[in-house]
Amino acid sequence: MASGEVKEDKYRTHMYGEAEKNTKWVYGVPPNYDVVNKLFEEGRTKIWPTGSLEEKVQNLVKTWEMEMFHKKSTEDYKTVDPNKYTVSINGRKALSLKQVAMLGGGYNNLLQTSLPDSLRCYNPAEETADSSHRAFTTTFPRGFAVEILHVYSGPPVIVYKFRHWGYMEGPFKGHAPTGEMVQFIGMSIFELDEQEKIVKVQFFYDRGELLGGLLKGSSSSDSGILEDGASTCPLMKKTG
């Protein structure tokens with residue numbers, strides 16, 4: 001959602017200023033988070049005190065997420081050590097940044113699954129970085145906000161509970177928008193090194209909480225084949 005130019009962001013660092021003047025951005029310019037920040041402020045359930053551990057962790061998570069989705073070169077990452085960094089989802093094999101990129105990055109990495117292809121309502125193996133980004137930004141035109149619900153331990157090993165949410169105001173894989181809130185809650189562990197760079201990330205959540213909410217809308221095809229050629233979920237007609 002990179003549009004326009006702003007001087008700073010309320011919740012994210014490493015976007016503007018002298019240190020970022022040579023940063024290569026995926027969409028040419030730094031992203032503008034004004035719309036999703038408004039969604040966050042209107043829908044959050046926690047308001048953490050300025051300077052608190054919870055606020056610092058929340059801002060770190062938002063900044064990390066911004067870099068993962070919007071900075072083109074790993075050399076421009078400030079929150080992680082690109083040479084040490086690994087990420088794993090639900091106990092799966094930890095992946096390096098290079099391996100994440102090979103999967104298509106972003107949502108493809110975060111929605112990895114062991115389900116057979118025939119049961120995948122969203123198949124990361126068939127998506128590119130661009131197609132996955134387009135799918136979710138179309139579905140959530142106001143963005144997909146994140147808040148920290150609880151921090152169980154501080155650095156160097158940060159353990160926290162989070163909530164992600166947005167409103168399905170656009171279609172998803174042939175399913176009509178419902179206008180309803182779609183959310184999921186999960187746990188994560190960030191491990192930092194001596195330089196306070198993230199070197200290991202672990203996420204634990206049910207991807208079905210997200211995808212299930214996106215399949216409630218009526219399908220654009222009764223044949224089971226979507227406009228983009230991808231198969232619908234076999235259980236589609238039992239949802240909603």
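Start at H14. At 33% relative accessibility, H14 counts as partly exposed, a class between buried (under 20% relative accessible area) and exposed (over 50%), taken with a 1.4 Å probe and protein chains only. Its phi is positive, about 60°, although H14 is not a glycine. H14 lies in the segment before helix 1. Helices here are DSSP runs of H or I with at least four residues, strands are runs of E with at least two, and both are numbered from the N terminus.

This is a predicted model: local features need pLDDT of at least 70, side-chain atom pairs count only at pLDDT 80 or more, and totals for chains, interfaces and linings use all residues. Residues are numbered from 1 along each chain as its sequence is written, and side-chain values use heavy atoms, with hydrogens and water left out.

Go to N90. N90 is found in the loop between strand 1 (86-89) and strand 2. Phi of N90 is near 55°, a positive value in a residue other than glycine. N90 counts as partly exposed because its relative accessibility is 37%.

Now select P155 and P156. The peptide bond from P155 to P156 is cis, with omega near 15°. P156 sits in the loop between strand 3 and strand 4. For context, most residues other than glycine have a negative phi, and most peptide bonds are trans.

**The whole chain**

Zoom out and color by secondary structure. The chain has 6 helices and 6 strands. Along the sequence, the pattern reads α-α-β-β-α-α-α-β-β-β-β-α. Of the 240 residues, 48% count as buried. The chain exposes about 12300 Å², and carbon and sulfur atoms supply 53% of that; accessible areas come from the Shrake-Rupley method with a 1.4 Å probe, and for residues only the protein chains shown count as cover. A contact means heavy atoms within 4.5 Å. Among contacts between residues at least 6 apart in sequence, 61% join residues at least 24 apart.

In what order do the 6 strands form the open sheet? The order is 2-1-6-5-4-3, and the pairing is mixed. The edge strands are strand 2 (95-96) and strand 3 (145-153), each pairing on one side only. Two strands pair if DSSP finds at least two bridges between them.

Select strand 3 and strand 4 (residues 157-167). The two strands run antiparallel and are joined by 7 bridges. They form a hairpin with 3 residues between them.

11 bridges join strand 4 to strand 5, which run antiparallel. K161 has M187 in strand 5 as its bridge partner. Strand 4 is mostly covered: 8 of its 11 residues are buried.

The charged end of R163 sits over the ring of W165, 3.9 Å from its centre. The cut-offs are NZ of Lys or CZ of Arg within 6 Å of the ring centre and within 35 degrees of the ring normal.

Bring back helix 2 (residues 53-70). Helix 2 lies across strand 3, strand 4, strand 5 (181-192) and strand 6 (198-204), running at about 130° to strand 3. Axes are lines fitted to C-alpha atoms, for helices over the stretch in contact, and angles run from 0 to 180 degrees between N-to-C directions.

**The rings**

Select every Phe, Tyr and Trp. The whole structure holds 19 aromatic pairs. Rings pair if their centres lie within 6.5 Å, using the six-membered ring of Trp; planes under 30 degrees apart count as stacked, over 60 as edge-to-face and the rest as tilted.

Focus on Y11 and F40. Their rings are edge-to-face, 5.1 Å centre to centre, with 75° between the planes. This pair links distant parts of the chain: Y11 is in the segment before helix 1 (34-43), F40 is in helix 1, and they are 29 residues apart. Both Y11 and F40 are buried.

Next, W64 and F190. This pair is edge-to-face too, at 5.4 Å centre to centre and 65° between the planes. W64 is in helix 2 and F190 in strand 5, 126 residues apart. W64 and F190 are buried.

Finish by widening the selection around W64. Ring pairs link W64, F140, F144, Y160, F162, F184, F190, F203 and Y205 into a cluster.
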